[in-house]
Amino acid sequence: MPELLDLIVDKYNYWLYIVLMMIGLYAMIGKNNLIKKLVGMNIFQTAIILFYVSIGYKKGATIPIIQGDHGHGAADAVIKAADYINPLPHVLMLTAIVVSVATFGVAMALCVKIYQRYQTLEEDELRMRLSEK
Amino acid sequence: MSWPIDLVILTFVIFCAIAAISVRDLLGTAILFGAYSFMMCLLWAVMGAVDVAFTEASVGAGVSTVFFVAAVFRTSRRTKD
Amino acid sequence: MKLVGFIIVCLTGGLLLYGTGELPAWGDPNSPASTHLSDDYITLALEQTEAPNLVTAVLADYRGFDTMFETAVVFCAGLACFLLLRDFRPKKDHYYRHVPTGVMLHVKNEARTVRTGREFEDMDREWVPSDTIIKTVCRILIPFIQIYALYVVAHGDFSPGGGFQGGVIFGSSLILLAISYNLKTLVKRVTEKFLGVFSSLGVLVYVGIGAIAMALGGNFLDYGKYAPIFGEHHIRALGMLGVEIGVGMAVTAVMVIIYINIVSEGRHDEGL
Amino acid sequence: MELITSIKPLLAVLVTLLVMPVLVSSSNKPNVREGWTFVAGTIKFLLVLSMLPVILDGNQIVFTLVKIAPGADIAFRVDPLGMMFALVASALYIVTSMYSIGYMRGLNEHGQTRFVTFFALAISATIGAAFSANLLTLYLFYEILSLATYPLVTHHQDANSRVSGRRYLTFILGTSIGLVLPAMIWCYHITGTLEFSGAGIFSGQLSKPHATVLLLMFVFGFAKAGIMPFHSWLPAAMVAPTPVSALLHAVAVVKVGVFSIVRVITGIFGIEFLSSFELGAVVAGIASVTILVSSAIALSQDEFKRRLAYSTIGQLSYIVLGAALLSPKGVTGGMLHIAMHAFGKITLFFCAGAIFVATGRKYLSQMVGIGYRMPVTMTAFLIGALSIIGLPPTGGFISKWYLVLGTLEGDQMVMLFVLLTSSLLNAAYFMPIFYRAFFCTPEEAMFERKVDEAPLMCVIPLVITALISFVLFFAPQPFLNLAAMAVKGFIGG
Amino acid sequence: MNNYPAIVVIAPLLGALFAGVAAWVEDRATYPIALASLGIAAAAAVNDLITVMISGPIQYNMAGWAPPMGIEYRIDGLNALVLVLITGIAFLNLVASYKNVQQETPDRSGSFYVMYLLFVVGLVGVVSTGDLFNLYVLIEITSLSSYTMIALGDKDRGAIASLNYIFIGVIGASFYLLGVGYIYIKTGSLNMADVAAMIPAMTESSTLLVAFILCIIGVWIKMALFPLHVWLPNAYAFAPVGFARIVAPLMTKVMVYVMVRLMVSVFGYDYIFTTLSLSDGVVWMGTIAILAGGIIALSQKNLKKMMTYIIVCEIGYMVGGAWLGNELGMTGAILHIVNDALMTFALFLAVGNMVYKLDRVDITDLQGLFAKMPWTMGGFVIAAFSIVGVPPTCGFFSKWYLILGAFEAGAYHFAAALLVSSLICAVLFFKVFEVCFFEPMSEGHGHGDDHGHGHDSHGEHAAVAIEEAPVASVITLAVVSVSLIVVGLYSGTIVDRIILPFLN
């Protein structure tokens, strides 16, 4: 039992990211409104970002900006790797956020375009309209 | 960082996520989604990912919400689910 | 559909839970992710790139190639919104308001354009009385926001921030202008052509810096090869600043393009 | 035996292929177009002919175009069997080209350019198949031939030809993709080569049940050979204009089918291998059923070309039967029959076409007394028919003689019985035509007039082919030598 | 310093940006810029291929940082081949589609070319890169540009098809990203070679298994493996012609490339086939995809839709072949990437030409097309034969290797599916040919006895005016059709000189 508890406590961030991702995925598949689906998509993507950021976290370390009065290039003090959080996942996630906002923008534009044409964003109504023709 | 803060924010995040996809007013969704993003950004800041948090604050909570509101303004606010 | 969705979600969740069981504990300093590459970056980056913000160092130098494409994605999104929504058909109706009397003019089919100025003002189909407080506050605020955005761009090497964040903030300031006044005000000040060219130019700055490095005899994006021109001192940080500026330009322009196109359905006349 | 590398086989294949663009571009000038066809056909024939001495000297010509995989290149190899087939096909191409001018212009057909172009393509593929050095190359040309003949079969573009074209493709493509291709890949999988060789490519890797299945896949898969039950495309394909039926469905296409089967029996399995498993009897059995059934069906056909088609189905199986006898004389007879049947049957088709051009008649019951009006045509018909039945003084006799010898050599009395019965049947379905043409009083006024033959361009070719059939009785040596050499390669070598 | 690997990617990107400026300043300049940049890229790609063939794989470090710290481009036989393919097809298509673009997006053709170039940049980048995350970013560029382009197509359905594509595409890409995350958490690296070196030590890990499954499923979604194909038919059928012609041949094939790359260069044969022994299941999936794609294609009434289902069917070939777990199957799959790209390109070129003249391409609209557009139909026929697998077109030879591989692996069901799909494709195309060839049905002859001498009605056949598509399109189609045969004849060389050295 304590092992299970350990397992849960050790990795609760990972569990929660899975929950978030499931919420997002469900919204993408199960929701009827296109904009709701988009929100689901965003939640899905942020969940992944949360996962990556969680990977990068290191107990007992600080943000990945080298401290000290370095001014310009005066890194006299030895930099210890254990002191700083892993910067790589952050970099990756910056890119991922940008990608997700770009996708979001395009998807929004598409929603507007679809609404212009069909006056609705409900998927079932759209399907009905399409089969009418 | 202390884990209680982390946990509280996480709870908020999940709450906002569920609320955002279940509210029947899309403008409400937009705002809840902004709140979700902001909570997320806090969470990341707590975890030491300051750059990511900064970006999420400006993008997720900021510009995305504006796009969202703009899109809702041009389409419809009501939804069936 | 909901049931199918639910099953898929459960399957995915189950798969991920299964994979998570064996992950190193959260925040474990000895996990492979925190030791293999990360240590190299942390210990070497400052020395090699002279940028104390490790994220920026990795972002704009070690993995600068990724970031270039990230910028290209943003550019692509802007172009996408333009391509999808832009509606070049001439605007049918124009609305003006005679300021002294409050009489509204509805000009159809562009028979004549009315000079706007002190007497007449542009308006949307429905007139929303302008809110002096909002206008004033925004007018004061916007320059500060923009200065801050520039700071974020320029100071990306040392503190959180960088081209992307700065660009978004700068773009937001312009969007704020459109929201607090109206869309026409923004479109008049920042023309579509300017935005289009500016977004391309932003990415071009980035790619150009890389390509010129190639011409100078290095690999693509190898900022070190600029040393003969700008001097050895902080040459990599300087290169990073250059590309950050490019990113900032592109992102600013694209954010505004996306906003304008979505909010006016591509007609560029009236918005929020 | 020496292997001589020479580009001639490739040139022989390419020459009609290269002329295709010229044909298309001269579509408005029929005479120029026809001229080019002749030039190409003649060059092709001369190229084939120029290789004949080399082959008769006991050598072979090889040429590798490209390498695909080890043991399965696209390569040419001219051996006696291929030489014989190529000689027949390229010679008859010239004759048929002449005939088709008379026929197509006589009927004022549409799409003549398309017709000659695809004809050229088809003959290229035929020569390619004849010169193939391995199964892959053979398959390649086999498929090209199937597809190139489709527009020819459906030339009329009406509902009837659409149905026939569909059946044609279903059978030909269906069997080649569904049976030959997997069989071929199976072979390659087992042996790692597809090269034809006298001793076969299997050396003990194949058990008898597997060998039987594989052999049947090939025999039925090459549906162009018209082995029952995959024969019904051939009568259907008779909707095509007669030159197509004459060259392709009496010579090129169907012969490629039997040629492929002979190749597989002799070059892939090897005669010895098949004898050791006694698999010849299986094929021979199938072939004899086809011979008898098709001859019987032919009796009841009233449409001239359909009767010829069923006759063709039966005659093709002679060749397969000959090869399946697995005895030197039998194989020789089978090979000779490729040539002999070609000249005889093409004459008959030419006659059918000539009658159609001259009178518009397709049904035998409408041709009572036609001999008075078209004596030359009907005389040629007689020679052709005799050749098919296998009576002297025609070439058909020679090949049938060898087939009979083959059955005796192998002590296969059942097959002998089949051959003799079917010869009787052949006579039964051809002789009444001749009889009614000359010895019955015409029922219709149009036959009572004086002699009125089809256009000269139709008549000359059929006279030529009939003469060749006749001459071959007296001078079968070239083909006989080739066949003997081929058999030596398969059995003696 | 050999900069060609970078130039392949940078040239179209720079072209896109200059064209992006030009689209606002001088619209007419965009087309030449696009053409020139793709020409340079193609030349660089050819140069890469030659270098690789002569002196082995090229390694190129972006920004001069050695991997795994920096991003590495590693060009080997497979990349180089696919790069030549992509740049070549993109260039040819641009030549062919000028008129189509003018017809379909007259007021924003400049931006169309920019987007087109970005799409190519993405594809080329995906193929060149040796970094797992870089791959993701580039997949997103391709995806984003294809979302946009597809929405520009059909006025009624384009946008909806595109939005559906976005949802499914994002799920696919995100799965891949998650998979990379799991790899990263286990290995701490993103460089393919670096990861590949570490994987043999951790084959028992459940995390690695999940990473593998996520990556592969993500890629499968992107490549539209049945039953994950639902987005593809609509998306490709409603895309504008100028874009459908490039997205249909290349997008799915590049994703197949990614799959092969992940299998060969990251996870490795041993892990996939020995530790996990997944071969059987996936080959069955490939079999089902082939059959399902073929059968659904048979039931389609619209030519474009039909072609899209053929793509679904062809994906089954490659997935099945790659997962047979032997060298022959993998050779066949890689060869089929090349061949299928070429033949799909030829098909869509032909269909695009038809759309240019006919606007709608339901099968019933194609009557008498052999007479009206002989050259287009000629190309179409060769492409169709290639899909059916008639020698000497290239489709036959990849099928040859695939079936041999299936025999070797004992996957007879897969071999049977390949043959059946050939037959289905034959039926499918001859259904189309019949309409084009026979209708409108000529009357008055061939119906029996009354076949007299009066053949005047034949005169009308000659009178059908030839209405061909633009010359550039027709010439491109001719070039591609000939290349189908040439590539077919030289497939032995391709296998010997490029694919086998890569696999060993």
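**Exercise 1. State how α13 and α18 of chain E are oriented relative to each other, and work out why.**

Solution. The helices α13(E) and α18(E) are roughly antiparallel to each other. The model is predicted; local features need pLDDT of at least 70, side-chain atom pairs count only at pLDDT 80 or more, and totals for chains, interfaces and linings use all residues. Residues are numbered from 1 along each chain as its sequence is written, while chains are lettered from A and ligands numbered from 1 in the order in which they are written.

Step 1. Helices are DSSP runs of H or I with at least four residues, and strands are E runs of at least two, numbered from the N terminus. Here α13(E) covers residues 303–322 and α18(E) covers residues 412–438.

Step 2. Their axes come within 11 Å and cross at roughly 165 degrees. Axes are lines fitted to C-alpha atoms, for helices over the stretch in contact, with angles from 0 to 180 degrees between N-to-C directions.

Step 3. Angles over 145 degrees count as roughly antiparallel, under 35 as roughly parallel, 65 to 115 as roughly perpendicular and the rest as oblique. The pair is therefore roughly antiparallel.

**Exercise 2. Which residues make the contact between α13(E) and α18(E)?**

Solution. From α13(E) come E:Leu303, E:Met306, E:Ile310, E:Cys313, E:Tyr317 and E:Gly320. From α18(E) come E:Phe414, E:Leu418, E:Ser421, E:Cys425, E:Leu428 and E:Val432. Contact requires C-beta atoms, placed from the backbone, within 7 Å. The classes are ten nonpolar, two polar and no charged residues. Ala, Val, Leu, Ile, Met, Phe, Trp, Tyr, Cys and Pro count as nonpolar, Asp, Glu, Lys and Arg as charged, and the others, Gly among them, as polar.

**Exercise 3. Check the length of α16(E) and state how many of its residues are buried.**

Solution. Step 1. The expected span is 1.5 Å times one less than the number of residues. For the 15 residues of α16(E), 374–388, this gives 21 Å, and the end C-alpha atoms are 21 Å apart, which agrees.

Step 2. Twelve of the 15 residues are buried, including E:Phe380 and E:Ile387. Buried means 20 or more other C-beta atoms within 10 Å of the residue's own, exposed 12 or fewer, and partly exposed in between, with C-beta atoms placed from the backbone.

Step 3. Just after α16(E), E:Gly389 has a positive phi of about 95 degrees.

**Exercise 4. Describe the side of chain A that touches chain C.**

Solution. Chain A places 46 residues in contact with 53 of chain C. The elements of chain A giving two or more residues are α2 (12–30), α3 (34–56) and α4 (87–118). The largest share, 17 residues, comes from α4(A).

How values were computed
Contact = placed C-beta atoms within 7 Å.
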